[in-house]
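Hi,

Here is the structure I promised to pass on. Have a look, and my notes on the charged side chains follow below.

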Amino acid sequence: MVFETHTLSNGIRLIHRPVKAKVAHCGIILNTGSRDEKEEEWGIAHFIEHVVFKGTSKRKAYHILSRMEDVGGELNAYTTKEETCVYSTFLDKDYKRALELISDITFNSVFPEKELEKEKEIVLDEINSYKDSPSELIFDDFEELIFKQDPIGRNILGTPKHIKAFKRDDILNFIQNNYHTDQMVISSVGNIEFKKLVKIVEKYFGHIPENIRTNKRVKPNSYIPRTQTLIKKTYQRHCILGNIAYDLNDDRRIPLSLLTNILGGPGMNSRLNLTLREKHGLAYNIESNYTPYADTGVFSIYFGTDKEYLDRCLSLIYKEMNLLCTKKLGAGQLRRAKNQMIGQIAISSENNENLMLNVGKSFLLYNRVDSLKEIYEKVEIITAEELMEVANEILNKERLTTLMYK
């Protein structure tokens, strides 16, 4: 897989994957998210994601929304605990249009007070909508529980109190303090000559003043296993259990990713799905997840079930975890698990929008992108002994935090 790269004088980096396709994808990814907020700024990173579309020094909100849609394209954005991204999908002839618009809304938004007040109501509605989705809300509550007292534990959306208090100056201060040019990557996948792409990027991003990051994030170190039950009056019982895990720079993240896939990944043949759903009919949704962050990580298992099945589900989950801790995978089992994971990676890489976002994030964090061959090799060298070591550390019952909705 071929990638071409370029660095602007202000530190913004560009990475491009040439593909022969009429549809192209590009975006700017910033190494800034909700964990970079101060206590009084809780929710502001996500709020900015909303209000960058509300007007720039040369465009009103309508013209921003119409700019790509008028040519059949799409414009979108997202915020995570560690990233902010603005990206677009469009026909390859519209690269200039897309990159000019992304630059305009990222760096020239004016945040009119009138529009801010309207958008606050939208975000408040988004916050309230999560209360009707316990299977989503529980993940936020779980990270608040395991990262108690740490900014990374706070949910991305913020609270109504914080959202209502935001002013234009608060937004401008957060941007100045956190939008660092050496922590930005423009990622592109599409059919365009690289020299032409560099010229466009230099034109629309090269004039941005250099702003180098000097502050460092504080690593969370307050983990204590806990068990908590919240009364939500839901029909089902929702439960999530897990542990802190390896960060983005830990080589053990790859064995843990494979272990997570074996235990409760997206495949219908995951151990938890076969046990809880197929064999016993106890849960419609059962999954395990692993999210690595810059300096920590989260492993979790989530399921929803009828109230009378809760204890039985937990017993079966503990049994499957214990098997991975005490019984080494056979050669055939390990081979199938690796083949499954490699196949999933290959299929995901065929989605060019996902590829653009994943490549951009990798370049942002590591200043490089592993080829599919290199990724496959890292999966291939995982041993059954490594998986057992990881299982005994991460799936240790004494180290698990459990959160239940009743």
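How much of the chain over residues 166-341 is helix and how much is strand, and how far apart are the end C-alpha atoms? The stretch is 41% helix and 22% strand, with its end C-alpha atoms 44 Å apart (helices are DSSP runs of H or I, at least four residues, and strands are runs of E, at least two, numbered from the N terminus). UniProt, in an unreviewed entry, puts "domain: Peptidase M16 C-terminal" on residues 166-341, and such annotations may be inferred rather than shown by experiment.

Some ground rules: this is a predicted model, where local features need pLDDT of at least 70 and side-chain atom pairs pLDDT 80 or more, while totals for chains, interfaces and linings use all residues. Residues are numbered from 1 along each chain as its sequence is written, and side-chain values use heavy atoms, leaving out hydrogens and water.

Now the salt bridges (a Lys or Arg side-chain nitrogen within 4 Å of an Asp or Glu carboxyl oxygen). The whole structure has 23. One of them pairs Arg35 with Asp295 at 2.9 Å, N to O, linking two loops 260 residues apart in the chain. Arg35 is buried at 7% relative accessible area, and so is Asp295 at 13% (buried is under 20%, exposed over 50%, partly exposed in between, with a 1.4 Å probe and protein chains only).

Lys328 and Glu385 also pair, with closest N and O atoms 2.9 Å apart; Lys328 lies in the loop between α11 and α12, Glu385 in helix α15. Lys328 is partly exposed at 44%, as is Glu385 at 41%.

Cheers
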